There are 2 protein chains.
Amino acid sequence: MTVSPQHDRPLTPKQREIRARETRILDTAHPMIRRGGLSSISMNAIAEQIGVTRGTIYNHFPNKEDILLSLAARAVRRRSRLFQAAIDWAEADPKCGSRDACSGIGIAAEVYVDQFNDDFTIEQAIRHDPVWEKTSARRRDVLADCETACITQVGYVIGHAIAARDLEVPTGATAEALTQQIVFGLWSLVYGGLVIEATSPSLPQSGITQPRQTMRHNCAALLDQVGWQPMHDPAHYQIVIDKLTPHLIATSQLIRNQSTSGEDS
Amino acid sequence: MTVSPQHDRPLTPKQREIRARETRILDTAHPMIRRGGLSSISMNAIAEQIGVTRGTIYNHFPNKEDILLSLAARAVRRRSRLFQAAIDWAEADPKCGSRDACSGIGIAAEVYVDQFNDDFTIEQAIRHDPVWEKTSARRRDVLADCETACITQVGYVIGHAIAARDLEVPTGATAEALTQQIVFGLWSLVYGGLVIEATSPSLPQSGITQPRQTMRHNCAALLDQVGWQPMHDPAHYQIVIDKLTPHLIATSQLIRNQSTSGEDS
DNA sequence: GTCATTTTTGACGGGTTGTCAGAAAATCTA
DNA sequence: TAGATTTTCTGACAACCCGTCAAAAATGAC
């Protein structure tokens with residue numbers, strides 16, 4: 001917002017500094033979550049840590065909530081890259097079919113929650129109206145686009161499954177309806193399951209002792225129910241998990257190390 | 001609103017007033033959500049509205065978060081009563097089997113979100129660590145018990161289904177494992193679906209145009225997959241929805257009007 | 001080196017939470 | 001009923017935090 005739209009002119013040192021600071025703010029805010037929880041993020045603390053006054057931060061973000069929203073957009077981008085890694089991995093292996101790619105995305109979601117737990121926390125935090133209502137519409141749109149991209153990845157896999165005849169569209173139904181059902185089903189099952197696991201202390205008390213395994217089982221049940229070939233084979237599934245998980249963890253490391261720069265808005 | 005007369009130890013007028021105030025605080029805080037959102041709840045506002053100083057409120061609750069937690073416990077109790085209404089309704093109708101009772105709980109969850117939307121909001125809000133970490137352990141336990149009660153209701157229905165042979169425990173598996181799978185599956189599907197519906201603006205953009213219908217469809221698919229008899233019949237399901245929903249809405253009205261007193265802790 | 005422009009500052013006003021010593025009220029006792 | 005004791009309430013206080021804005025400082029063009 002403080003940077004004037006200069007396209008051809010080389011950036012002046014000051015402009016460079018300002019642009020870099022946007023990233024620096026986010027890089028500073030993010031690790032605070034791990035150290036002191038979400039509530040430890042404050043304009044004060046961020047400003048102090050990067051050696052600048054609060055007023056300056058407000059030149060970049062209109063409020064704290066918008067910083068959170070930007071962090072959330074980053075988080076979703078990371079998740080999306082993990083999804084893509086799973087898809088690529090499955091497509092590269094001739095032994096893997098479309099269904100494995102789909103399962104792989106589920107595994108990727110699990111790895112994401114484990115490897116980028118703070119990001120997962122952020123994603124949940126920004127949903128809450130005290131946060132949400134203060135955010136700017138522009139950044140909300142950016143986030144929505146990131147999320148749509150994630151959904152699109154799942155849709156892509158489903159589309160390929162239909163094209164490959166692994167998945168039959170029932171007579172009288174449309175591919176869109178089927179896609180909607182699967183996407184929303186898996187989304188609810190995985191997102192809901194992981195949120196419940198992360199935030200419901202009464203889980204073991206309620207007889208849910210193995211949420212992850214149960215979650216996978218339920219996803220498989222859903223895919224079986226819509227007739228996604230090949231049908232669930234626990235042994236094969238376990239092999240996919242065992243081989244894909246380390247790959248995704250390595251990818252996580254890669255993502256984490258990569259510069260967080262790029263478009264932020 | 002009036003506490004049942006205690007025989008052994010008559011309450012002094014002052015004690016009565018104090019005890020009643022606990023309820024009054026909650027009754028005052030709750031409607032603030034509808035008016036100004038969650039962020040409009042403040043010790044200041046509550047104290048002012050019931051004609052007392054902030055200090056007095058702190059004699060009842062150690063902080064704002066504990067008030068929210070108490071409201072959440074109330075909320076879960078309301079949901080539980082709605083669940084029970086659905087179960088009772090299904091058991092009273094000879095045309096309804098165990099599976100209808102299970103579906104009924106799902107309908108009840110939908111009605112709960114629609115009729116007690118503020119309560120649903122509260123339930124989500126207290127999960128967030130900035131809130132959660134400030135709450136007292138005692139009240140957290142109370143809440144956990146309320147939630148366990150809800151889960152137990154679902155477990156009860158599943159147990160009856162197994163007993164009635166509507167649901168077969170697969171050879172090599174235990175009833176506990178099957179129950180866990182169904183409970184966690186439905187919980188994730190419904191809770192996740194409703195949270196996504198309520199907080200994800202990118203939903204239509206992502207091709208999810210009918211979240212509720214899709215959600216029901218997926219629940220039915222899950223129950224079909226585990227072989228819960230009778231198998232899904234859209235027509236019959238619709239009849240259950242059409243008859244049960246008004247009943248549950250009426251029950252909601254009843255619950256809403258009923259005194260919110262009782263154990264609060 | 002000058003001067004217009006951009007950027008940063010830091011003090012200000014308004015809010016919130018939680019505490020606590022002292023005031024007030026209620027209850028008890030004689 | 002009057003005083004003593006206990007309980008309860010108060011309101012000021014300290015410590016945060018947020019967002020603004022006029023004035024100061026830095027920048028960079030000429």
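Reader: What makes chain B a copy that can be laid on chain A, and by what turn and shift?

Author: In this predicted model, chain B can be laid on chain A by a turn of 180° and a shift of 0.0 Å along the axis, with an RMSD of 0.0 Å. The two copies are therefore related as by a two-fold rotation axis. Among the residues of chain B, B:Gly192 comes closest to that axis, its C-alpha lying at 1.9 Å.

Reader: How do you know which surface serves both copies?

Author: The contact residues of chain B recur in chain A to 100%, so the same surface serves both copies, a contact being a pair of C-beta atoms within 7 Å. By that criterion, 47 residues of chain B are in contact with 47 residues of chain A. On the side of chain B that touches chain A, at least two residues each come from α6 (117–125), α7 (129–132), α8 (137–163), α9 (175–199) and α10 (211–225), and the largest share, 16 residues, comes from α9(B). Sorted by class, this side of chain B has 18 nonpolar, 23 polar and six charged residues.

Reader: Why is α5(B) called largely enclosed by the rest of the structure?

Author: A residue is buried if 20 or more other C-beta atoms lie within 10 Å of its own, and 16 of the 18 residues of α5(B) are buried, so the helix is largely enclosed by the rest of the structure. This helix, residues 98–115 of chain B, reaches 25 Å from its first C-alpha to its last, which is close to the 26 Å expected at 1.5 Å a residue. For chain A, 40% of the 265 residues count as buried.

Reader: Which residues touch the most other members of the largest nonpolar core?

Author: That core has 138 residues, and those touching the most other members are A:Ala72, A:Ala86, A:Ala108, B:Ala72, B:Ala86 and B:Ala108. Leaving aside residues up to four places away in sequence, A:Ala86 touches A:Gly104, A:Ile105, A:Ile107, A:Ala108, A:Leu244 and A:Leu248.

Reader: What makes up the surface near DNA strand C, by class and by helix?

Author: The residues of this surface divide into six nonpolar, eleven polar and six charged. Of the 23 residues around DNA strand C, A:Thr53, A:Gly55, B:Thr12, B:Lys14 and B:Asn63 come nearest.

Terms used. Residues numbered from 1 in each chain as written. Chains lettered and ligands numbered in written order. Predicted model: local features only at pLDDT ≥ 70, side-chain atom pairs only at ≥ 80, totals over all residues. Core = buried A, V, L, I, M, F, W, Y, C linked by C-beta atoms within 7 Å. Buried ≥ 20, exposed ≤ 12 C-beta atoms within 10 Å, placed from the backbone. Contact = placed C-beta atoms within 7 Å. Near = placed C-beta within 6 Å. Nonpolar A, V, L, I, M, F, W, Y, C, P; charged D, E, K, R; others polar. Least-squares fit on C-alpha atoms with pLDDT ≥ 70 in both. Helix = DSSP H or I, 4+ residues; strand = E, 2+ residues; numbered from the N terminus. Expected span 1.5 Å × (residues − 1).
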